[in-house]
Amino acid sequence: MLVKIADCFSVTTDYLLDRENKISINVDGLSTTEIAHIEQIIRDLKKH
């Protein structure tokens, strides 16, 4: 049942159980160029 709830919200079961501090970003429908731009923004933000 927990897996079904996680699938419904596109999160992991660890996230639901508060065992994970990672955030995921759904990039479905984006081009590889758009994904690359997002990845670069994240890298730039981590530098500061």
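Good morning. A residue is called buried when its relative accessible area is under 20%, exposed when over 50%, and partly exposed in between, using a 1.4 Å probe and protein chains only. Asp-18, at 63% relative accessibility, is therefore exposed.

What you see is a predicted model, in which local features need pLDDT of at least 70 and side-chain atom pairs count only at pLDDT 80 or more, while totals for chains, interfaces and linings use all residues. Residues are numbered from 1 along each chain as its sequence is written, and side-chain values use heavy atoms, with hydrogens and water left out.

Asp-18 lies in the loop between α2 and α3 (32–47); helices are DSSP runs of H or I, at least four residues, numbered from the N terminus. Its phi is positive, near 60°, although Asp-18 is not a glycine. Most residues other than glycine have a negative phi. Ser-10, in the loop between α1 and α2, also has a positive phi, of about 55°. Ser-10 is exposed because its relative accessible area is 56%.

I turn to helix α2, residues 13–16, which contains Thr-13. Thr-13 counts as partly exposed, at 28% relative accessibility. Leaving aside residues up to four places away in sequence, Thr-13 touches Leu-2, Val-3 and Ala-6, contact meaning heavy atoms within 4.5 Å. Between the C-alpha atoms of Thr-13 and Glu-39, 26 residues apart along the chain, the separation is 25 Å.

Tyr-15 is also in helix α2, and with a relative accessible area of 44%, Tyr-15 is partly exposed.

Key. Helices (H or I, at least four residues) and strands (E, at least two) are DSSP runs, numbered from the N terminus.
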